[in-house]
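Please keep the structure in view while reading the points below.

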Amino acid sequence: MKWIKMELKTTTEAVDLVSAMLDELGVEGIEISDFVPLSDEDKQRMFIDILPELPPDDGSAVVSFYLDTDSDIEEWKEKISAGLSELSRFTEVGNGELSVSETEDKDWMNNWKEFFKPFRVDDTIIIKPTWEELTEKSDGDLVVEIDPGTAFGTGAHETTKLCIGNLKKYLKKGDSVLDVGCGSGILSIISMLLGAGYAAAVDIDPIAVGVTAENAQVNGLPAGVCEKNESGLPVFTKKTGQIEVTDGNVIGDKALREAVGLGRYDIVVANILADVIIPLSGVVREFMKPGGLFISSGIINMKQEAVENALKQNGFEIVEIVNLGDWVSIVAK
């Protein structure tokens, strides 16, 4: 479906009032672009290791919104101009320049799929999107079908490849695995296909929970989202041969950690970010059996030392460090 995109140049000072004015005119959603520095809270919510470098804040802002193609653009311009004139009595609204363009007729939610094709992680594992056909396959290949939806994780990134390589090296048949920050579930699924006896998967994003369970089922693995008890905690049955998934933050929730299972996992794998792995290293031992392994990745090389130090301070011994491009995976016990 095509849309008319309107961009209104204003000031950061006026953004809230402009947003309220557009809401009164019937606009259902807006996008704000500015150069206001990120707050500490913003930084904590961003799932990136390197923060963007923004130009100096000049007080300008652009408010964008979308209209149906049959909208009367001239009428909208008049309404917005009148609204800005009224707001200018109370705040600096900027030049109020309004630009109009038409979006392409694309399925923005699924357009990325044309770039996700089957690929080899290594000489024996192939990742295949569920909507693609596999044209080349060798005897003994392990084919993993994935539809990440809006969850994180196609398996193509270096960090995921590092985790998969370490799982192949260290996982033993029948091991129990905990996947922290499971995303699309790719590491839980591959663990089971490599011979793990049981896998638990946790993510702070509720969308990832459903995606992981669905992807597991596509690959022929019994999987399900945990039901929750009266206290809102997931109930894990911990039955052999299945993947169980739930949402939550294991770092800050002791009751959740107890529900997931203390002292029961041979391997904990976390493909997240250095800034999450560092605090995770303070609680992850609670999940592990004596001699268990913690496989972490998502670590940009410039933060390798900080993660190593955190692991050592929390009683871990570094077993192996593997690099791929600018990324690092650390195996510790």
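Predicted model: local features only at pLDDT ≥ 70, side-chain atom pairs only at ≥ 80, totals over all residues.

Contact here means heavy atoms within 4.5 Å, and angles run from 0 to 180 degrees between N-to-C directions. As background, strands of a sheet pair through backbone hydrogen bonds, either parallel or antiparallel.

**The sheet of 8 strands**
- An open sheet with mixed pairing is formed by 8 strands, which follow the order β10-β11-β9-β8-β12-β13-β15-β14.
- The strands at its edges are β10 (223-225) and β14 (318-324), each of which pairs on one side only.
- On average, neighbouring strands of this sheet are turned by 15° against each other, with direction ignored.
- Within it, β8 (residues 176-180) and β9 (residues 198-203) pair in the parallel sense over 5 bridges, and valine 177 has alanine 199 in β9 as its bridge partner.
- Helix α5 (residues 186-193) lies across β8, β9, β11 (243-247) and β12 (265-271), and runs at about 175° to β9.

**The sheet of 4 strands**
- Another open sheet, with antiparallel pairing, has 4 strands in the order β2-β3-β1-β4.
- Because β2 (31-34) and β4 (98-102) stand at the edges with a single partner strand each, one side of each is left without a neighbour in the sheet.
- The twist from one strand to the next averages 20°.
- Strands β2 and β3 (residues 60-68) run antiparallel and are joined by 4 bridges, with valine 63 in β3 being the bridge partner of isoleucine 32.

- Helix α3 (residues 73-87) lies across β1, β3 and β4, and runs at about 20° to β1.

Note on methods
Residues numbered from 1 in each chain as written. Heavy atoms only, no water. Pairing = 2+ DSSP bridges. Helix = DSSP H or I, 4+ residues; strand = E, 2+ residues; numbered from the N terminus.
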